Amino acid sequence: MFAEIFKIWLNLGDMLKKVRRIAWLYSVCMGIGAMALHSCTAADRKTEDSELKAFHAFYAEKVDSISVNPRKVRTEVLQRMCNVRDSLVHYNYLALVLKTCLATSDIDSAGMLIRRIGDFTKRQPFSPQLADLQSENLNMEGNIYARTGYMDSAIVCFQKAYELRMHGEKKDMVADILINLADACNRSGKLDVGASWYRRALLLCDSLGISSAKKTPVYYGLAQIYVALRDFEQCDHYYDLASRSYSDMLPFEKHFYLNNRGTSYYYRGDYNTAVGYFRQVIRLTQEYPDMVFEANLGRLNLGDCFLQLDEADSAAFYINKCRPFFQKIGMTTALYYIDTQDIKLALLRKDLLQAQHVLAEGITPADIDPDMVHIRNKYLQQFSEEAGNYKRAYYYLKENNHLDDSIRNERVKMRTADLALRYQQDSTVMAQKVFIQEKENEVLVLKQTRIFWIAVCAITLLVIGFVYMYSKKKRALLLAQNYRTVSMLRLENIRNRLSPHFIFNVLNQEMAERKAEEQQGLASLVKLMRRNLELAEQLCVTLAEELDFVKTYIDLERRSLGTDFHPVVEIGVDVYPEKVLLPSMLIQIPVENAIKHALRGKEGERNLWISACRQKDGIRIRITDNGGGYRLNSRNRGTGTGMKVVMQTIQILNRKNKEGIDVAIHNVTLPTGETGCEVTFLLPEKYNYNIEK
């Protein structure tokens with residue numbers, strides 16, 4: 001038994017030794033694997049860096065050759081792509097292929113590559129290298145939009161490309177994007193915006209130390225602005241600056257220079273000089289067969305120049321030669337221009353049917369240059385005149401006159417850009433002077449700024465304190481004045497009535513000596529006077545209280561006015577007299593004036609109407625009589641004390657309310673044909689009758 005146990009123990013010991021040996025081997029393998037993985041990652045990173053550096057070196061070497069021999073560059077790029085392992089570097093090479101497609105005007109292939117690169121960049125995490133690739137892709141997409149005439153889309157792409165490039169590593173490419181953006185703005189008529197992008201490109205060239213030869217696109221871009229402004233002196237100045245570097249220009253830069261300078265002479269009406277520049281464009285493109293777009297653009301411009309020179313055969317030759325190319329790429333602005341030239345060509349050949357056919361089959365793009373519209377309208381005017389449709393010819397003449405005014409106004413608007421552009425001729429010196437001046441004045445500006453803000457704060461506090469104290473004092477004086485005015489008016493109203501308490505005692509004695517049936521009139525008089533005294537001491541009363549007082553007064557006056565006196569009181573069903581507040585005596589005083597000065601001396605029917613109705617803006621109260629109306633020179637005209645009290649009380653109350661009581665006094669023609677006087681009060685809702693003491 002012991003021998004079996006000992007044998008098991010020995011076997012267990014052997015097994016433990018084997019387990020330890022396996023564990024040691026496993027740890028060694030794991031360590032070797034980790035070291036291998038680390039070395040592989042480091043190797044991959046090193047490979048990526050080396051491939052990216054190799055790409056940048058290749059790009060710097062071949063970028064100028066793209067416009068000279070794009071197909072050869074494309075072949076070399078595709079060969080290098082086969083040996084690239086990093087995907088980001090792979091797509092950078094693909095972007096270089098995209099540039100060669102644009103150089104050969106292979107728009108379809110370029111569009112496919114743009115989508116492919118865009119799909120890749122959307123899936124990758126952001127990095128400065130990725131931003132450079134995205135910027136290059138958007139810049140190429142903007143070029144396609146610009147070539148096909150979609151300037152708004154081109155501007156959007158160039159702006160995004162500029163923003164992304166500012167987050168990337170290749171800042172030296174920003175100037176090219178800014179120039180593209182400025183060119184697109186110019187072609188869409190935004191000259192001031194284009195000028196600002198050109199200025200930014202110049203400043204960037206100066207800050208990066210880029211040579212003057214690289215500023216050539218900026219110079220002829222500025223010249224384009226002066227062509228649009230019809231300032232040909234400044235235009236020639238910038239073209240002369242650009243021409244100094246003509247021998248160092250790349251082929252596509254030479255094309256831009258020659259084409260745009262020829263265009264400037266076209267707009268001056270010097271068609272022979274323009275033909276010379278456009279012929280140079282044709283000769284240039286013959287040296288570089290891949291410049292297909294540039295060659296056809298030159299033919300298009302030559303055709304227009306020959307049309308202006310009335311050389312129909314030469315014009316037809318160049319127009320027919322470039323037409324298939326622009327139809328193939330679908331450039332609507334160029335096709336619109338060709339249709340315009342076809343109209344002029346038909347007019348030169350006296351072929352009105354052909355001109356009419358072109359008009360019927362022609363296209364009109366959404367965004368077209370005003371100068372091109374002007375040229376087309378001129379041809380359409382000529383066509384209408386020769387066709388005998390003078391009404392239509394006059395329409396095109398008016399359209400061109402209106403367009404001339406619009407273009408002239410736009411040029412005036414762009415003068416600010418013109419002034420700014422004149423100061424860009426020596427931007428490097430200007431930037432250096434500004435920089436030195438800023439450094440010299442930095443400390444002084446900080447001190448002055450601190451003192452200035454301390455002074456501003458102190459002055460602001462003093463002004464606020466003064467305004468507060470002045471407003472408070474003025475408000476207190478105004479309130480005191482209001483209170484004194486109301487008190488004086490109330491006292492004056494009381495003084496105008498003989499000692500009320502004395503009169504009450506005398507009347508009470510008279511009532512005691514009379515019979516019961518004779519006491520009714522005196523009782524009403526006593527009630528009237530007592531209520532008058534109470535109302536004189538109150539600023540506001542309810543409509544019910546005021547009407548009760550007025551009815552008592554009317555009952556006393558009814559005897560002296562006789563049976564021909566007919567007072568009428570009408571209250572709207574939606575008016576609640578117990579809840580409506582109004583200044584005291586507001587109705588009584590106009591009623592008293594109507595009876596005393598209008599109705600008492602009137603012969604015949606004496607009518608008095610008192611009404612209160614609700615409107616959307618408040619309660620409207622009217623007191624109307626048929627006493628002949630208000631007359632300034634009437635012998636019955638009173639002193640006006642009563643209405644003066646009413647008006648001044650309303651003025652004081654209105655100062656405390658946003659919406660005031662509205663008062664109107666005017667003569668009216670009654671349905672019976674008589675003339676009467678009407679006093680109207682409009683009481684706003686939620687009117688405040690409190691006056692602070």
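Buried here means under 20% relative accessible area. Keep that cut-off in hand for this tour of a predicted model.

**Whole chain.** Start with everything shown. The chain carries 25 helices and 7 strands. Of its 693 residues, 43% count as buried. Now think about contacts between residues at least 6 apart in sequence: 66% of them join residues at least 24 apart.

**Helix α24.** Select residues 588-599. Which residues of this helix are buried? Q588, I589, P590 and V591 are, and so are A594, I595, A598 and L599. Next, show what covers them. The cover includes two helices, α23 (543-561) and α25 (641-654). It also includes the strands β2 (565-571), β4 (606-615), β5 (618-625) and β7 (675-683).

**The nonpolar patch.** Pick I459, V463, F466, V467 and Y470. Together they form a nonpolar patch on the surface, with about 520 Å² of accessible area. As for spacing, an α-helix has 3.6 residues a turn, so residues three or four places apart point the same way.

**Y470.** Finish on this patch member. Y470 is found in helix α20, residues 427-495. Why does Y470 count as partly exposed? Its relative accessible area is 48%, and partly exposed covers the range between the buried cut-off of 20% and the exposed cut-off of 50%.

Methods:
Residues are numbered from 1 along each chain as its sequence is written. This is a predicted model: local features need pLDDT of at least 70, side-chain atom pairs count only at pLDDT 80 or more; totals for chains, interfaces and linings use all residues. Side-chain values use heavy atoms; hydrogens and water are left out. Helices (H or I, at least four residues) and strands (E, at least two) are DSSP runs, numbered from the N terminus. Buried means under 20% relative accessible area, exposed over 50%, partly exposed in between (1.4 Å probe, protein chains only). Contact means heavy atoms within 4.5 Å. Patches are made of residues with over 30% relative accessible area and no salt bridge: like charges are joined within 9 Å, nonpolar side chains (Val, Leu, Ile, Met, Phe, Trp, Tyr) within 5 Å. Accessible areas come from the Shrake-Rupley method with a 1.4 Å probe; for residues, only the protein chains shown count as cover. A salt bridge is a side-chain nitrogen of Lys or Arg within 4 Å of a carboxyl oxygen of Asp or Glu.
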